[in-house]
Amino acid sequence: MSDVVYDRREVRRARYALAAVFAVHGAVTGSFATRVPWIQEHASVGAGQLGLALAFPALGASVAMPLAGRISHRFGARNALRGLITLWTLSLILPALAPNLPTLCLALFVYGASAGMADVAMNALGVEIENQLGRSIMSGLHGMWSAGALVGSAAGTLAAHLGSDARLHHALAAAVLTVLGVTACTWVLDIQPAEDEEPPPRFALPPKSALLIGAVGFCAVFAEGASLDWSAVYLRDRLDSSAGLAAACTTGFTLTMAIARIVGDKVVDRFGSVATVRVGGVLAALGGLLIVLAGHPAVAMAGFALMGLGIAVVVPLCFAAAGRSGPNPSLAIAGVATITYTSGLVAPSAIGGLAQATSLTVSFGLVTVLACGLVTFAGVLRTADRDRPKLSAEAAATPGPRP
């Protein structure tokens, strides 16, 4: 964590620049997700093989994320983020080029590794800017990621509707997003390590504090993954909804999360991280009960909306708490990110397996129980409230960085 205090105008500019980087990161994800059917057909893989291939982004991210801290130490935060966001945007090109299962797995491994490293670098800078401003910004940054994902998804949906080749679509998207990402990095904080600061290890187990914080993130991301992948199926199969209404439920859940994240920083500043997550856990659990007990599509849709509202700010607050939980923010953030990526990977298949053995109702009963875990374990995020420093009036008035 940097000991330098920056001019408030410079910090504000860096905040908006980093928000743009978050949006670019999200847009890559949205662009990829909408063309998965094309990629599956081009690589000639079945549903089971595609499921195997889609595990490789999380595997690549888990392996590579600890390297982000060392890269930032070696090149400085600004140059590191510029390089990593470029690697991430250009990696969008790879999956659509894969002609078979082995090359698709390799492409998705690189895709996930670059995503994870950029993710850690972005969140570490977000924590530093939050420290400099003395108020919450992480929820808004993740809200911009969600907004970028929605824009990328919309563009991808249009490209798919027009029948465009995903190789061309992703090449053009990568070019545009690379320019936007590199340009935005010009104004992020250029944090440099102290001369006597030891470089972080290439690989290391996450600190114990990150494991506890990651457990809270696990509960939220599990609920998110389950809702995103299974909400439409739940309405269609259990409540006999039309395909359009079922799809609208998923869209509503996504929009609820994005809006809640964008406005969530004001709530966090007013009530603190712990209280916000506890209330969010109550809302998510209530949403889960509505889903489980729903006898009408409108009730289930209200339940999914409450679920999205309740879990929206949890992951941003987990990253903020991890960044303040020890002397090596990047390592702690990488640990939390690894746990949340794993949760996102496990959730859809776990919900499907439990539904196969019992029912979708029982599956979302498990989601409801995990939502209650947010209420129980929110206290581990208390460091995000206790250690948020305020920028002094002298620092706010003094131009340029100073020790």
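# Notebook: contacts and surface

**Salt bridges.** I began with charged pairs and found that the structure holds 4 salt bridges, a salt bridge being a side-chain nitrogen of Lys or Arg within 4 Å of a carboxyl oxygen of Asp or Glu. I note here that this is a predicted model, in which local features need pLDDT of at least 70 and side-chain atom pairs count only at pLDDT 80 or more, while totals for chains, interfaces and linings use all residues. Residues are numbered from 1 along each chain as its sequence is written, and side-chain values use heavy atoms, with hydrogens and water left out.

I looked up the pair of Arg324 and Glu130, whose side chains meet in a salt bridge at 2.5 Å, N to O. This pair links distant parts of the chain, 194 residues apart, with Arg324 in the loop between α15 (314-323) and α16 (329-357) and Glu130 in helix α8 (residues 101-133). For the helix names I kept to the rule that helices (H or I, at least four residues) and strands (E, at least two) are DSSP runs, numbered from the N terminus. Both Arg324 and Glu130 are buried, where buried means under 20% relative accessible area, exposed over 50%, and partly exposed in between (1.4 Å probe, protein chains only).

I then turned to Arg9 and Asp7, whose side chains meet in a salt bridge at 3.3 Å, N to O. Arg9 counts as exposed because its relative accessibility is 58%, whereas Asp7 is buried, with a relative accessible area of 7%.

I also noted that Asp165 forms a salt bridge with Arg167, with the closest N and O atoms 2.7 Å apart. Asp165 is partly exposed at a relative accessible area of 27%, and Arg167 is partly exposed at 35%.

**Cysteines.** I asked myself how many disulfides a search of the whole structure finds. The search finds 0 disulfides, a disulfide being a pair of cysteine sulfur atoms within 2.5 Å. Cys318 is in no disulfide, and its nearest cysteine sulfur, that of Cys219, is 9.1 Å away. Cys318 counts as buried because its relative accessibility is 0%.

I checked Cys372 as well, and its sulfur is 9.8 Å from the closest cysteine sulfur, in Cys219, which is too far for a bond. Cys372 counts as partly exposed, with 38% relative accessibility.

Since Cys219 had come up for both of these cysteines, I looked it up in turn: Cys219 is found in helix α11 and is buried, with a relative accessible area of 10%. The C-alpha atoms of Cys219 and Ala371 are separated by 6.3 Å, although these residues are 152 residues apart along the chain.

The C-alpha atoms of Cys185 and Arg82, 103 residues apart along the chain, are separated by 5.7 Å.

**Aromatic rings.** My search of the whole structure for aromatic pairs gave 6; rings of Phe, Tyr and Trp (its six-membered ring) pair if their centres lie within 6.5 Å, and planes under 30 degrees apart count as stacked, over 60 as edge-to-face and the rest as tilted. The rings of Tyr234 and Phe364 have their centres 5.2 Å apart and their planes at 75°, so this pair is edge-to-face. Tyr234 lies in helix α11 (residues 208-239) and Phe364 in helix α17 (residues 360-377), so the pair ties together parts that are 130 residues apart in sequence. Tyr234 is buried, with a relative accessible area of 0%, and Phe364 counts as buried at 0% relative accessibility.

I also wrote down that ring pairs link Phe32, Trp88 and Tyr111 into a cluster.

**Charges over rings.** I found Arg74 lying over the face of Phe75, at 4.9 Å from the ring centre, and Arg270 lying over the face of Phe271, at 5.0 Å from the ring centre. A charge sits over a ring if NZ of Lys or CZ of Arg is within 6 Å of the ring centre and within 35 degrees of the ring normal.

**Nonpolar surface patch.** The largest share of the patch, 4 residues, comes from helix α12 (residues 243-271). Ile259 is found in helix α12, and Ile259 counts as exposed because its relative accessibility is 53%.
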